[in-house]
Amino acid sequence: MMIRSELLKSIVPVITDRLVVCNIGLPSQELFQLDDQPSNFYMLGTMGLASSIGLGLALAQSETVIAIDGDGSVLTNLATLATIANNVADNFILLIVDNGSYGSTGDQPTYAGGKTSLTAVAQACGCEHVVECQAAETAAELQAALDGGRMTIIVAKCESGNIPVPVIEMSPVVIRDRFMNEVRRKGAHGRN
Amino acid sequence: MTSTLSGRIVDDLVRNDIGFVTTVPCKQLAGVIDAIERRNDILHVPSNKEDEGMGLCAGAYMGGRRPCIIMQNTAIGVTINTLATLIQFYQIPLPMLISYRGEVGEKVACQVEMAVHTKALLSQLTIPTFHFHRPEDVEELDGILKYTQMCKKPTAILTDASFWGVA
């Protein structure tokens, strides 16, 4: 089974040049190392809001948005799944990398690694297209979701574990500004 | 008076290109939330909690729609981290239309417990803060909305019971 950094590496060919909102901590640091793009929005703080930022972005413009979140972060903002379900944006994909642990803080176990199924929670919230897959299937499921053109939640199961990666030193305003320029360049700004 | 004020507020939002509004309800804000829901030129996405709402607003802003959040002053206690690490850190203009509960006319004692902290917390966060106490204070809203876009900061508009005519 893959760990998160291997999962991210496997999806780079699918997400490169797409609008990506990436979760705080190691996921953003790993993506930054693997494939830094102006179309990546890195969260430098504010645990739990990647899915909310991604949904807001998808509702405000027409380009497809992929939010890369974690099981721990979704648990901290669990009601986001109800907001997502009730405000359908077919240009929105939420990828929950579910390694059953708080990776950035030392792999403490989450309840998603215990009795709680985020797949079942998303379905119970009313999300209509929820896919649970193993890490190695993530790239294919993500491509299928992109091709399907409908709002999809993917819960990708992987192993806990981290690789050493440096923190992101890019200024938040630079991250935000180049990301917004990319949205404008795609001609999707404010449309929807 | 409340319905007139609500209509005026929403007109000002639209005139300032606010195209995305998230709300967490408060009794005092019911009229303005109704007025927003009725406008086709504003996308209204209710949120469950105000920090979630600020995440939605940040995304909408980056997507080209100017956001606004409408919430109760108790939400300041919920959103301090999000205000500092998302809205301020990434310099996102965010007008916050806030019902200032716990002021004169309040009937629920518990609301006073957050009211006494509200301005101190906003001050500690260096958030430009405006207090609407009389109905005519609404005249300032248009300027505040322009100011918010200019400085790319969160701004707080505290609307108390006297403003809404329910004190």
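Two residues are in contact if their C-beta atoms, placed from the backbone, lie within 7 Å. Keep that in mind as we walk through this predicted model, in which local features need pLDDT of at least 70, side-chain atom pairs count only at pLDDT 80 or more, and totals for chains, interfaces and linings use all residues. Residues are numbered from 1 along each chain as its sequence is written, while chains are lettered from A and ligands numbered from 1 in the order in which they are written.

**Chain A as a whole**

Among contacts in chain A between residues at least 6 apart in sequence, 70% join residues at least 24 apart. Chain A has 8 helices and 8 strands; helices (H or I, at least four residues) and strands (E, at least two) are DSSP runs, numbered from the N terminus. Of its 192 residues, 52% are buried, meaning that 20 or more other C-beta atoms, placed from the backbone, lie within 10 Å of a residue's own. The C-alpha trace spans about 45 × 40 × 30 Å along its principal axes.

**The sheet of chain A**

Six strands form an open sheet in the order E2-E1-E3-E4-E8-E7 (chain A), with parallel pairing. Strands pair if DSSP finds at least two bridges between them. At the edges are E2(A) and E7(A), each pairing on one side only. From one strand to the next, the twist averages 20°. E1(A) and E2(A) run parallel and are joined by 3 bridges, and A:Cys22 stands opposite A:Tyr42 in E2(A).

| Helix | Strands | Angle |
|---|---|---|
| H3(A), residues 50-60 | E1(A), E3(A), E4(A) | about 170° with E3(A) |
| H7(A), residues 138-148 | E4(A), E7(A), E8(A) | about 180° to E8(A) |

**A helix pair in chain B**

H4(B) and H5(B) pack at an angle of about 25°, with their axes 10 Å apart. The two helices are therefore roughly parallel to each other, a label for angles under 35 degrees. H4(B) brings B:Ile76, B:Gly77 and B:Ile80 to this contact, and H5(B) brings B:Met114, B:Thr118, B:Leu121 and B:Leu122.

**Where the chains meet**

The contact between the chains takes 25 residues from chain B and 28 residues from chain A. On the side of chain B that touches chain A, H3(B) gives the largest share, 9 residues.

Methods
Axes are lines fitted to C-alpha atoms, for helices over the stretch in contact, and angles run from 0 to 180 degrees between N-to-C directions. Angles under 35 degrees count as roughly parallel, over 145 as roughly antiparallel, 65 to 115 as roughly perpendicular and the rest as oblique. A residue is buried if 20 or more other C-beta atoms lie within 10 Å of its own, exposed if 12 or fewer, and partly exposed in between; C-beta atoms are placed from the backbone.
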